[in-house]
Amino acid sequence: MGSLIELPVWQDLQKHASQVQALHLRDLFAADANRAQQFSVEAEGLFLDYSKNRITSETVSLLVKLAEASGLRAAMDAMFRGDRINITEKRPVLHTALRAPRGAEVFVDGVNVIPEVHAVLDRMSDFANRVRSGEWLGFTGKRIRNVVNIGIGGSDLGPVMAYEALRSYAQRDLTLRFISNVDGTDFAEATHDLNADETLFIVASKTFGTLETMTNAYSARAWALAQLGDEKAVACHFVAVSTNAARVSDFGIDTANMFGFWDWVGGRYSMDSAIGLSTMLAIGPDNFRAMLAGFHAMDEHFRTAPFHENLPVLMALLTVWYNNFFGAQSVAVLPYDQYLKRFPAYLQQLTMESNGKYVTLSGERAQWETSPIYWGEPGTNGQHSFYQLIHQGTKLIPCDFIGFVHSLNSHGPHHDILIANLFAQAEALAFGKTADQVRAEGNEEWLVPHRVFEGNRPSNMLLADRLTPEILGKLVALYEHNVFTQGVIWQVDSFDQWGVELGKVLAVQIQPELTSGADLHHDSSTNALINRYRRLRHV
């Protein structure tokens, strides 16, 4: 395919954007009493109202044509059938196979991978049931009451997010902790009130060689043995999510308690693989499989729905619209549910590690903007921190609002107040408050400019009945396919992450230099910083 910006539909969108930028949402709603119905879609238990976007029916038509001209349908088919669409690593991209039902067929190099996926799920289920029931005992004969997941990146963000999101479904007599940062404080705070004889560690590293993860894993090993005193205890208190049996065995873990996954699963797409073992321990195998069913339902919606009714495609096209034609540099994700407090952090890796690239599939530098910055906090907390900038700042920040009709914790008027704030924020962003409205409230003229809200600030509203394991799976898959669609249009490989490598390589070089007197051969700034650290570290 040729250059994105040379596509005729791209040029049509540029002309169209110059016209739409002059329109205000107040006028668009006033001119069409059915606008909310026209620009909303419901599928798989998720309702998307995208009417408060700066779009017309022509906008949607042109954006759908852009998806078609970008070869989105062919790219989707290639992903689902297991083509090696991760071109720089020459790998298939088959996180969708992780949630395919028994009996499905997905082939990699002529082998149907679905039986192996379910074999791992069955082993995970058996292990989770043994731990949750108290059948699995620690070295001293006590049952496990604490589970500590050690990982980083996708081996941490997904499990943390899922545990927090589904805490209402968790077995409450199990304490879940997560360690990711190589900063020793993370390890110290996660373990300071735990007893080793009641603690199980999950070490999640495909190669069992990730520096940060293995540093924490060996600290955990030393911590446990300091209390338990016998190397044989390691096998009772550590399990592995890995594919490197030799290293797992050398660590002291019984390889019978090693749960594998595959090269065709990227880290940030792995929370529904064995990486989700901590999630399964928390919520149980049945709830975990319900989450997988939610993932699969959204996979099928994405795979089969027409683009103009396709939730992930529509959300992706709107992101492209603002990113590339309005100059918006970020997207705020604002879940109005405390259980989703880690969802924006999870999406940061999913979106920016996937599409934060300036090199296209053809190896050329992109002449267009790629991934925006994703960020956010749960409502209503964010209203008292950064909403000021979204409402009255100089930057255009499209927002994804997420809410639920029913709360999992009903306490008097709390949920109605929460949802009133959710709807009110989207309304205020769209329509604002005019100078005449401010004056009508009796404000002095000098104060009027300060209390005017321009409005015309776009948002999506995602609503579901309640936050269940199935709905969480659908939400995550929605954003996974949203990101994939963006990447297809921007012509980038959404499934590699070379940008995380260089700093890690240099860190391995710098680490021994911090404690030695070796000559330094970095730039003057880095040399000076290392020398300063050398001087002060023993003071």
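Student: Which residue in strand 2 is the bridge partner of Glu42?

Tutor: This is a predicted model, in which local features need pLDDT of at least 70, side-chain atom pairs count only at pLDDT 80 or more, and totals for chains, interfaces and linings use all residues. Residues are numbered from 1 along each chain as its sequence is written, and side-chain values use heavy atoms, with hydrogens and water left out. Helices (H or I, at least four residues) and strands (E, at least two) are DSSP runs, numbered from the N terminus, and two strands pair if DSSP finds at least two bridges between them. Strand 1 (residues 40-43) and strand 2 (residues 46-49) run antiparallel, joined by 4 bridges, and the partner of Glu42 is Phe47.

Student: Which residues of strand 1 make up its covered face?

Tutor: In a regular strand the side chains alternate between the two faces of the sheet. In strand 1 the uncovered face holds Ser40 and Glu42, and the covered face holds Val41 and Ala43.

Student: Which residue in the turn of the hairpin has a positive phi?

Tutor: Strand 1 and strand 2 form a hairpin with 2 residues between them. The positive phi, about 55 degrees, belongs to Glu44.

Student: How far apart are the end C-alpha atoms of helix 6?

Tutor: Helix 6 covers residues 114-133, which is 20 residues. The expected span is 1.5 Å times one less than the number of residues, so helix 6 should span 28 Å. The span in the model agrees: 28 Å.

Student: Which residue forms a salt bridge with Lys341?

Tutor: A salt bridge is a side-chain nitrogen of Lys or Arg within 4 Å of a carboxyl oxygen of Asp or Glu. For Lys341, the closest N and O atoms are 3.9 Å apart, and the partner is Glu164. The pair links distant parts of the chain, 177 residues apart: Lys341 lies in the loop between strand 10 (330-335) and helix 15 (343-355), and helix 7 (residues 154-165) holds Glu164.

Student: Is Glu164 buried or exposed?

Tutor: Lys341 has a relative accessible area of 35%, so Lys341 is partly exposed. Glu164 has 15% relative accessibility and therefore counts as buried.

Conventions
Buried < 20%, exposed > 50% of the residue type's maximum accessible area, 1.4 Å probe, protein only.
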